[in-house]
Amino acid sequence: MRPKRRIDRRDLAGLAVALLVAAACIRLGVWQVDRLHQRRERNAVLLAARARPPLEVEGSLTAAAARDRRLQARGVYDYARERLWRARSYQGVPGVDLVTPLRLADGAAVLVDRGWAPSPDAYHVDQPAYREGDSAVVLGLGMLGPRARGDVDPARLRDSLPYPLLPFVLQQFPSDSPTAPRSAAVLRRWPIPELSDGPHLSYAIQWFSFAVIIVVGSVALARKRAAEAELELGGRGRGTINALS
């Protein structure tokens, strides 16, 4: 009868460690799948919110109610207190965002991201050239600020303005019939942010692949080491028999 292959203790320990690592990879893969499901559920909620009729912006509107909702604001721009979101690129071209307070009829104001303008140093721009008139009706998406590094923060700007400032930013949508400034300097409106699944599915596949590679590779290596040990023991046995004869 052929003897069973026996695995060395060190190989067993290595195999056990490899299986633990594989189990950790599987757990991470499951975690990424869970995050994917959570993100899809959140995206479904956001899409439903965006599909609702535009909400009229007034001084009592809260950040929670405005977040990720289509909003419509009517008022007068305060260009004298306009702020820039610097170091913003569009299709690889450096520029800035123009964020302008829009004063509402009830005395409050909301920050409107009117769009992007090119700037060679991504810092300075001829702001008066991009004015679009005083009165405006703005349709856009409510977003909490700051949206990213360098963005205008309504909470920090609030105390420096002579009127109440709403705690969110209204990112203006592109228009089918935009009104260009008299100077022919045109702002580029940012498109509606896309809602994607993110990288969670690809990360999950990677973690599960790592687990399969570790398990298959470790088992194959352990079997190879056991076979080599068996051959070595067999060779020693034949050598002893030959010596006795």
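**Close-ups of a predicted model**

View 1. Not counting residues up to four places away in sequence, Leu-102 touches Ala-73, Arg-74, Gly-75, Val-76, Tyr-77, Ala-108, Ala-109, Val-110, Val-112, Ala-136 and Val-138 (contact means heavy atoms within 4.5 Å). This is a predicted model, so to speak of local features takes pLDDT of at least 70 and side-chain atom pairs count only at pLDDT 80 or more, while totals for chains, interfaces and linings use all residues. Residues are numbered from 1 along each chain as its sequence is written, and side-chain values use heavy atoms, with hydrogens and water left out. Leu-102 is also among the residues with the most contacts inside the largest nonpolar core, alongside Val-57, Val-110 and Phe-168; that core has 16 residues (buried Ala, Val, Leu, Ile, Met, Phe, Trp, Tyr and Cys joined through side-chain atoms within 4.5 Å). Strands S2 (70-77), S4 (93-104), S5 (109-118), S6 and S7 (165-172) each give two or more residues to this core (strands are DSSP E runs of at least two residues, helices H or I runs of at least four, numbered from the N terminus).

**View 2. Asp-151 in its loop.** Asp-151 sits between strand S6 (135-143) and helix H3 (154-157). Its relative accessibility is 9%, so Asp-151 counts as buried (under 20% relative accessible area; exposed is over 50%, partly exposed in between, with a 1.4 Å probe and protein chains only). A polar atom of the Asp-151 side chain lies 2.7 Å from the backbone nitrogen of Arg-147. Leaving aside neighbours within four places in sequence, Asp-151 is in contact with Trp-85, Gly-145 and Pro-146.

**View 3. Val-215 on helix H4.** Val-215 belongs to helix H4 (residues 200-244). Val-215 counts as partly exposed because its relative accessibility is 32%.

Conventions:
Polar contact = N/O pair within 3.5 Å; in protein donor to acceptor, adjacent residues only side chain to side chain.
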